[in-house]
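Please keep the sequence and the model in view while reading.

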Amino acid sequence: MLSGLFLTVRRHGVKVSITEYLDLLRALQQQLVFADLEQFYQLARLCWVKNETDYDKFDRACGEYFDGVEQLDLISAIPDDWLAPGFIRQLSDEDKAALQSLGGLDALLKAFRERLEEQQGRHAGGNKWIGTGGSSPFGAYGFHPEGMRIGQQGSGSRRAVKVWDKRQFQSLSSDEVLNNRSLQLALRQLRRFARSGAASELDLNDTISATSKQGGLLDLRYQRERHNAVKLLLLFDIGGSMDDYIHECRQLFSAVRAEFKHLEFFYFHNCVYETLWRDEKRRPQDAVATTQLLHSYGHDYKLIFVGDATMGPYEISYPGGSVEHYNSEAGEVWLQRLLAQFPQAVWLNPQPESWWAHYASIAQINKLCHGRMFGLTLDGLASAINQLKHKN
Amino acid sequence: MRFQSNAHYIVTAELALAVNAAVTLQKPLLIKGEPGTGKTELAKALAAALDTDLLQWHIKSTTKAQQGLYEYDAVSRLRDSQLGDARVHDIANYIKPGKLWQAFTAAKRPVLLIDEIDKADIEFPNDLLHELDQMAFDVYETGETVRAVQRPVVIITSNNEKELPDAFLRRCFFHYIRFPDAEALERIVDVHLPGISKILLTEALQSFFGLRELPALKKKPSTSELIDWLRLLLAEQVTPEQLKQSRETGGLMPLFGALLKNEQDVALVEKLLFMAKRTR
């Protein structure tokens with residue numbers, strides 16, 4: 001009866017199972033709600049959606065299924081399937097050059113609103129309407145020098161003036177649903193147990209020897225419980241070419257966060273310099289001096305870089321080489337300082353290993369890290385953890 | 001029985017539906033939401049509404065699933081055996097029922113609160129799958145099976161520190177308590193502080209929501225903090241004019257310590273308010 005809605009919700013990426021489908025039917029049978037669309041919506045969400053980050057997906061699925069559900073704002077007013085990646089039109093350089101900008105950002109926004117009102121249906125591949133793969137300034141997966149991107153997963157040709165993709169702004173620290181058990185289990189290898197806290201656990205060996213000493217009269221001995229004492233420092237490369245690996249990084253991040261208590265993480269762009277950031281958005285108020293990092297965390301912290309190490313070689317080896325600001329000391333100087341402070345360090349690279357040979361900067365970083373660069377795959381992670389476990 | 005707002009606890013229609021569905025269909029209800037939005041209070045209010053016992057199981061990082069079922073105190077049995085105590089012959093003397101056992105065998109259908117399940121080890125929810133599903137478990141030491149006389153109403157709260165496994169989530173209903181809007185907040189305050197003056201409340205809420213809208217706060221003040229703050233305002237007899245004045249002159253609100261819980265946030269708010277004043 002509700003299988004249409006069920007399938008729509010599943011298609012929108014909410015993982016609903018048959019059990020939960022039956023739950024909803026049972027709830028309806030009990031007449032918890034009756035002839036009220038809004039209440040039905042709440043009940044269905046209660047039974048089917050198990051994470052608040054999926055609420056949005058569920059809303060969109062319902063919007064599609066119940067035609068005419070009120071839309072919230074301009075952006076969600078554009079149905080997603082118009083923008084589904086049907087195809088990406090490959091434009092020649094002449095085409096690109098021929099395309100003319102529409103003027104500033106304000107003009108673009110204004111034109112967008114006007115066009116949204118004009119447009120009634122799904123569109124793909126033209127040069128005026130909002131849709132996918134064309135050369136209109138509005139839509140996704142296409143090319144226009146001053147384009148506005150809507151509902152696109154990555155940054156196609158990385159030229160959009162404004163990325164309107166809500167998903168893009170989700171901070172890595174947000175609670176993205178990822179239940180990657182294999183990653184978590186791999187990370188468990190890194191656990192280092194140490195005893196701390198109150199003595200509450202029976203120490204069997206000690207009890208036996210103490211009891212024997214007493215001539216068989218029971219003498220109980222306790223010891224403190226074991227806790228995971230490993231300390232991790234994570235540095236994430238963010239933005240630019242790392243956009244392609246957001247998914248992998250999220251997986252790693254949520255697995256790490258679930259597993260370790262002593263975990264500190266910071267963000268950088270391309271290469272580490274004198275400043276790091278606490279937040280993905282790298283706002284000035286979240287900035288932390290790298291020297292502060294060096295001073296506040298001890299040698300026992302294990303350092304993990306996550307980055308594609310793909311940049312201009314000068315960004316690593318020359319003062320002033322950074323693409324974002326003038327750095328008075330070269331990136332490699334800072335990298336070496338970090339590596340000296342944290343001898344147990346690895347670099348995880350989400351780029352496929354077969355590509356590494358094509359980038360000079362990867363070889364440079366790998367050399368600086370004494371060859372401790374690993375792919376961000378399960379195997380790579382396993383070798384990286386092996387490396388971290390060995391004290392050098 | 002329909003659970004609804006009462007003199008002590010305000011529920012939204014959504015939450016009431018969620019609770020009623022969980023009670024009727026006898027499934028655990030998983031509640032998430034910002035700290036201080038009344039997740040734990042919900043269980044207490046529900047137990048009061050159903051006129052039954054509330055069993056609270058507070059989870060810590062060291063809590064094991066087994067502790068919720070029962071604990072076998074082998075050590076005291078060993079000790080008793082040395083002292084020649086007669087109790088030692090019956091193993092049942094050394095089995096201490098946990099919260100789940102108590103809930104299963106209670107005379108009246110109780111409310112069981114499993115508080116902050118995300119604090120435990122990642123395997124913890126998996127270890128409870130069967131028990132919550134079948135509402136039964138075996139006691140290996142005595143060979144008996146404890147089966148629920150009636151399925152307790154199970155409320156589980158989480159603060160999102162860890163992801164919960166899918167298999168566990170499938171067995172629960174899920175509701176996310178959103179932060180209340182101004183209108184709902186006024187009703188909540190009314191329940192807790194019935195005598196508060198309308199003008200003071202309006203001024204205070206204005207300052208409060210202004211604070212919540214600041215982007216980079218480490219810990220946003222929540223409902224429980226608002227209520228504490230209002231209580232302080234009443235105790236110190238702060239007037240609405242004082243509140244208004246502090247907002248307009250760009251200083252921190254009186255008694256801000258109740259709302260801002262860390263020194264970086266205080267510094268940040270001070271700076272922003274100062275800048276806002278300068279640009280005005």
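## Chain A as a whole

Of the 392 residues in chain A, 32% are buried (a residue is buried if 20 or more other C-beta atoms lie within 10 Å of its own, exposed if 12 or fewer, and partly exposed in between, with C-beta atoms placed from the backbone). The model is predicted: local features need pLDDT of at least 70 and side-chain atom pairs count only at pLDDT 80 or more, whereas totals for chains, interfaces and linings use all residues. Residues are numbered from 1 along each chain as its sequence is written, while chains are lettered from A and ligands numbered from 1 in the order in which they are written.

Chain A contains 14 helices and 13 strands (DSSP runs numbered from the N terminus: H or I of at least four residues for helices, E of at least two for strands). Among contacts in chain A with a separation of 6 or more, 61% join residues 24 or more positions apart (two residues are in contact if their C-beta atoms, placed from the backbone, lie within 7 Å).

## Helix α1 of chain A

Helix α1 of chain A covers residues 3–11, and its buried residues are A:L5, A:F6 and A:V9. Viewed down the axis of α1(A), these buried residues fall within an arc of 105°, so they line one face of the helix (the arc is that of the directions from the helix axis to the C-beta atoms). An α-helix has 3.6 residues a turn, so residues three or four places apart point the same way.

The buried residues of α1(A) pack against α2 (18–29), α3 (37–48) and α4 (55–65) of chain A. Exposed residues A:S3, A:G4 and A:R11 sit on the face of α1(A) turned away from its buried side. Just after α1(A), A:G13 adopts a positive phi of about 90°.

## Contact between chains A and B

In chain B, 26 residues are in contact with 29 residues of chain A. On the side of chain B that touches chain A, α1(B) gives the most, with seven residues.

## Two helices of chain B

Helix α9 (residues 182–192) and helix α11 (residues 223–235) of chain B pack at an angle of about 50°, with their axes 11 Å apart (axes are lines fitted to C-alpha atoms, for helices over the stretch in contact, and angles run from 0 to 180 degrees between N-to-C directions). α9(B) and α11(B) are therefore oblique to each other (angles under 35 degrees count as roughly parallel, over 145 as roughly antiparallel, 65 to 115 as roughly perpendicular and the rest as oblique).
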